[in-house]
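Hello,

Here is the structure I promised to pass on to you. Have a look at it first, and then read on for my notes.

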Amino acid sequence: MRRNKIVTVFWIFSFLLSAAQSQDKPNIVFIFSDDHTWQTISAYGHPLSKVVPTPNIDRIGAEGIRFDRCLVTNSICAPSRAVVLTGKYSHLNGQINNFNTFDGGQVTFPKLLQKSGYETAIVGKWHLKSVPTGFDYHEVMRGQGRYYNPTLYTDGEPTEYEGYNTDVVVDRSLDWLKSRDSDKPFMLMSQFKATHGPFQPALRHLGELDDVTVPLPDNFFDDYTGRSRAPGNHNTSIANVMPLSNLSIDYRIQGEQLAQYRSHFDEANEAFEKANLQGDERAKWRYQRFIKNFLLTSKGIDENVGRLLDYLDESGLAENTIVIYAADQGFFLGEHGWYDKRWMYEECLKTPLLVRWPGVTQEGRVSSDIVSNLDFAPMFLEMAGASIPGEIQGRSLVPLLKGAAPENWRKSFYYKYYGERRGGSVSEGYYNHGVPPHEGVADKRYKLINFKHDDVDEWELFDHQRDPSEMKSEYGNSEYVETIARLKTELEQLKQRFKIEN
């Protein structure tokens, strides 16, 4: 009898200790957008963000830390998501482009969090074709999903939700937060389709910028001189290539919202066609339509980030919940005349990253250290007190969140885009959007890029101190001979470190 009492007391003590440890572990909310580039987030101070500010996203940085040099390993949607899940470069996680199917059998941070006692969930955009693994709950879109009346899948079973995609993702995220196992710490990945094309704002925002003229980027009419042949062979021109669906001329909306959407745009579209604008004037019209839709789509994200933050406050969860906001990569918003991503150029290489960790991260901090989406997985694991497998190639950002980067923190960064062959010649879009395979190395001042396509092996070097817009390659400039040699050596060393073959 005495032995039974001792055993009972032991198990009660073990349960209480386990519960206390679970409560000590922070909850994690990871808010992830698609193509929501840093130029449109007002915390980063870009002039464009003043047109439609993002006060709720800004709040995360104001109450935590803003990273100004967060770089992606491969600036394209599915590969970026695979890097976040695995903490490994594309060649090791197998997701080198948008056409592969992600191998859900490999080690991912959600699986490791589950082993550490976390309840895990993902809601929204998945874009990896396979069924999500490592999640106690998943409700995700297939492919890109729709902006209006999206269909989300759980274990292959579809449910169509009436309403606007960004709102629906947060509706479903909040429903899960309210029904989860309250005895466990949680990890929620709330992932938006926005701001991916076709850039369709919520109905409530239509017309808000109709009387605004958004300034053109200084290099909108770039002629691509002074660089390699690669950028001149692009196929991402807003003026000439951007699909009509990205300009609200071809609507591609299903459901009763179509009538209201068309009623807003039809008259302006007819006037545009009647005017028969040509040359620069046509390009400017297309830019205005694109950028206003993009910014208003961004506004829907910010409103819904506010809904999540408000719930955390109202439920009492905020004090022990880490909130991270990021996007899968940056995006061109007319710089060089372009939309889209893929290039190693600054607009899409850099992605926003803001982190709020109450009681740990000092409010209002700004970091210029080079960090990456490669670092997200080990960061999540260390936040949760879980061990970090040796196969993970990123480094946890927790030391930076606590105050300072270690002395041996990275001083340079390796990037590789693999290309996506479509057929034809380079100038005809031999690679998707005319972007050839390339790799490179970047540090805080310089960027060295090597383009490899057909019989061409070309290099570009940019000095961001002198040329932040990357308008002139210094590769042939004798002033930079030593810099180029140093960066080429660094490039090869990084490739060896990350097990990257030519």
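Is tryptophan 343 buried or exposed? Tryptophan 343 has 0% relative accessibility, so it counts as buried (buried means under 20% relative accessible area, exposed over 50%, partly exposed in between, with a 1.4 Å probe and protein chains only). It sits in the loop between strand E9 (321–327) and helix H9 (346–349). Its C-alpha atom is 26 Å from that of proline 201, which is 142 residues away along the chain.

A word on the background: this is a predicted model, where local features need pLDDT of at least 70, side-chain atom pairs count only at pLDDT 80 or more, and totals for chains, interfaces and linings use all residues. Residues are numbered from 1 along each chain as its sequence is written, and side-chain values use heavy atoms, with hydrogens and water left out.

**Overall picture**

The protein has 12 helices and 16 strands; these are DSSP runs numbered from the N terminus, helices being H or I with at least four residues and strands E with at least two. Of the 502 residues, 59% are buried. The C-alpha trace spans about 90 × 60 × 40 Å along its principal axes.

**The nonpolar cores**

A nonpolar core here is a set of buried Ala, Val, Leu, Ile, Met, Phe, Trp, Tyr and Cys residues joined through side-chain atoms within 4.5 Å. The largest one holds 44 residues, and Ile31, Leu177, Tyr261, Val305 and Tyr325 touch the most other members. Among the elements that each supply at least two residues of this core are strand E1 (27–33), helix H6 (165–179) and helix H8 (279–315). Another core, of 43 residues, lies apart from it and includes Leu85 and Trp357.

Leaving aside neighbours within four places in sequence, leucine 177 is in contact with Phe186, Leu188, Leu308 and Tyr311 (contact means heavy atoms within 4.5 Å).

**Backbone details**

One joins alanine 194 and threonine 195, with omega about 5°; another joins glycine 197 and proline 198, with omega about 15°. Threonine 195 is in the loop between E8 and H7, and proline 198 is in the loop between E8 and H7 too.

Aspartate 35, in the loop between E1 and H2, has a positive phi near 65° and is buried, at 1% relative accessible area. Aspartate 155 also has a positive phi, about 50°, but with 60% relative accessibility it counts as exposed. Its loop runs between strand E6 (151–154) and strand E7 (157–160).

Enjoy exploring!
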